Amino acid sequence: MRFEKDSISIDVSKVMWDGSDVTVNLTRGTQYQDISCSKLPHSDFKEALEDLKDIFLEHMELEKEDFSWRISMTGVEERETKNGRKGYRIHAVLSCPGTSHRLRIASSTLTIPAEGFFEWEDEDGYQKNLPEDYLYFLQDHEIDAIERVFQEGYEYAVNGKIAKPEQPDLLDSAEESEDAGEEDSSPDDDEIPSSLAFPDPDEDF
């Protein structure tokens with residue numbers, strides 16, 4: 001998915017989170033870069049990833065009642081089909097409690113259909129193409145959900161959008177007020193280190 005920052009095109013092709021590290025694959029021009037950081041992602045990032053679960057279950061033909069609690073979403077990547085169509089592959093982890101095992105699984109490449117594909121009607125005015133008959137195609141709302149994950153991945157890697165620190169309780173606030181006169185010159189722990197964040201436009205990639 002393509003973004004613009006300071007008149008520079010940045011293409012994010014993969015966003016992953018294994019619960020520990022966030023990894024974002026991106027390209028600027030012809031320059032490719034993997035950004036990986038252990039800073040906890042923002043709640044918006046986690047919500048966007050969680051919103052892929054129902055989409056994943058639907059296209060993998062897995063019953064929500066049986067598998068929803070066993071599936072953890074880990075990311076999404078852009079893919080291209082053999083005929084050149086644009087698509088996406090959704091990644092997840094399946095928990096197997098009986099064997100204390102976790103399996104990495106992924107969907108097939110889910111393709112973007114022709115515009116209005118699921119809105120076409122037959123000669124009697126009925127919906128011609130039903131989503132359940134074309135599980136390899138994505139509906140508009142599913143594409144929007146996937147693109148939101150890319151958006152949050154971009155915000156994390158390029159703009160340093162991460163989880164906010166927990167608010168201190170009243171006792172902590174009182175103790176901090178006593179030291180208000182002292183300045184803290186230490187770096188902000190809630191910022192992604194500059195070596196991991198996307199470089200400034202004027203720097204070498």
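Reply: Helices α1 and α4 lie roughly antiparallel to each other because of the angle between them, where angles over 145 degrees count as roughly antiparallel, under 35 as roughly parallel, 65 to 115 as roughly perpendicular and the rest as oblique. The model is a predicted one, in which local features need pLDDT of at least 70 and side-chain atom pairs count only at pLDDT 80 or more, while totals for chains, interfaces and linings use all residues. Residues are numbered from 1 along each chain as its sequence is written, and side-chain values use heavy atoms, with hydrogens and water left out.

The axes of α1 (residues 43-50) and α4 (residues 140-159) cross at roughly 155° and come within 9 Å of each other; such axes are lines fitted to C-alpha atoms over the stretch in contact, with angles from 0 to 180 degrees between N-to-C directions. Helices here are DSSP runs of H or I of at least four residues, and strands are runs of E of at least two, numbered from the N terminus. The crossing of α1 and α4 is left-handed, meaning that the near helix is turned anticlockwise from the far one by less than a right angle, clockwise being right-handed. On the α1 side the contact (heavy atoms within 4.5 Å) is made by D44, F45, E47, A48 and L49, and on the α4 side by R148, V149, E152 and G153.

With its 20 residues, α4 reaches 27 Å from its first C-alpha to its last, close to the 28 Å expected at 1.5 Å a residue, the expected span being 1.5 Å times one less than the number of residues. Just after α4, G160 takes a positive phi of about 70°.

As for the strands, β6 (residues 86-96) and β7 (residues 101-106) pair in the antiparallel sense over 6 bridges, pairing requiring at least two bridges found by DSSP. H91 stands opposite A106 in β7, and S100, in the hairpin with 4 residues between the strands, has a positive phi near 50°. H91 is also among the residues that M16 touches, including G75 and V76, when residues up to four places away in sequence are not counted.
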